[in-house]
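Hello,

I am handing over the structure we talked about. Please have a look at it, then read my notes below.

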Amino acid sequence: MGFGSYDESEQENANRDDEDDDSEAVNVHENDHDGSMSFESDASTDDLVGRLSEMKDDEDE
């Protein structure tokens, strides 16, 4: 087989011993937090929007 190729029969006939075993599964909601975030800045909203526009323009180039 060449680079990046695979035998589909290997995928179809794969025997997995852990199909019903969730003991090692990742719980994505385990560390959910309800809270708030705030920050203070000396920059005005216009300054921040202007800076964002500059950053977007830089991405386009």
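Where is N27 found? N27 sits in the loop between helix 1 (8-12) and helix 2. Please bear in mind that this is a predicted model.

The side chain of N27 has a polar atom that lies 3.0 Å from the backbone nitrogen of H29. N27 is partly exposed, with a relative accessibility of 46%.

Now the chain as a whole. Its secondary structure comes to 2 helices and 0 strands. The chain has 61 residues, and buried residues make up 0% of them. A residue would need under 20% relative accessible area to count as buried. The chain exposes about 6,700 Å². Carbon and sulfur atoms supply 42% of that area.

Next, the charges. How many salt bridges does the count come to? The count comes to 1 salt bridge. The partners are E54 and R51, whose side chains meet at 3.3 Å, N to O. In general, side chains of opposite charge can pair when their charged atoms come close.

What separates E54 and R51 along helix 2? About one helical turn does, because the two are 3 residues apart in that helix. E54 is partly exposed, at 44% relative accessibility. R51 is partly exposed too, with a relative accessible area of 44%.

Then there is the end of helix 2 and what follows. Which residues form the negative surface patch? D57, D58, E59, D60 and E61 form it. One of them, E59, lies in helix 2, which covers residues 45-60. Is E59 buried or exposed? E59 is exposed, with a relative accessible area of 68%. A patch residue needs over 30% relative accessible area, so E59 passes that cut-off at 68%.

Start with N27 and its contact with the backbone nitrogen of H29. Move on to the salt bridge of E54 and R51. Finish with the negative patch that includes E59.

Best wishes

Notes:
Residues are numbered from 1 along each chain as its sequence is written. This is a predicted model: local features need pLDDT of at least 70, side-chain atom pairs count only at pLDDT 80 or more; totals for chains, interfaces and linings use all residues. Side-chain values use heavy atoms; hydrogens and water are left out. Patches are made of residues with over 30% relative accessible area and no salt bridge: like charges are joined within 9 Å, nonpolar side chains (Val, Leu, Ile, Met, Phe, Trp, Tyr) within 5 Å. Accessible areas come from the Shrake-Rupley method with a 1.4 Å probe; for residues, only the protein chains shown count as cover. A salt bridge is a side-chain nitrogen of Lys or Arg within 4 Å of a carboxyl oxygen of Asp or Glu. Lys and Arg count as positive and Asp and Glu as negative; His and the chain ends are not counted. The place of a charge is taken as NZ of Lys, CZ of Arg, CG of Asp or CD of Glu. Helices (H or I, at least four residues) and strands (E, at least two) are DSSP runs, numbered from the N terminus. Buried means under 20% relative accessible area, exposed over 50%, partly exposed in between (1.4 Å probe, protein chains only). A polar contact is a pair of N or O atoms within 3.5 Å; within protein, one must be able to donate a hydrogen and the other to accept it, and residues adjacent in sequence count only if both atoms are side-chain atoms.
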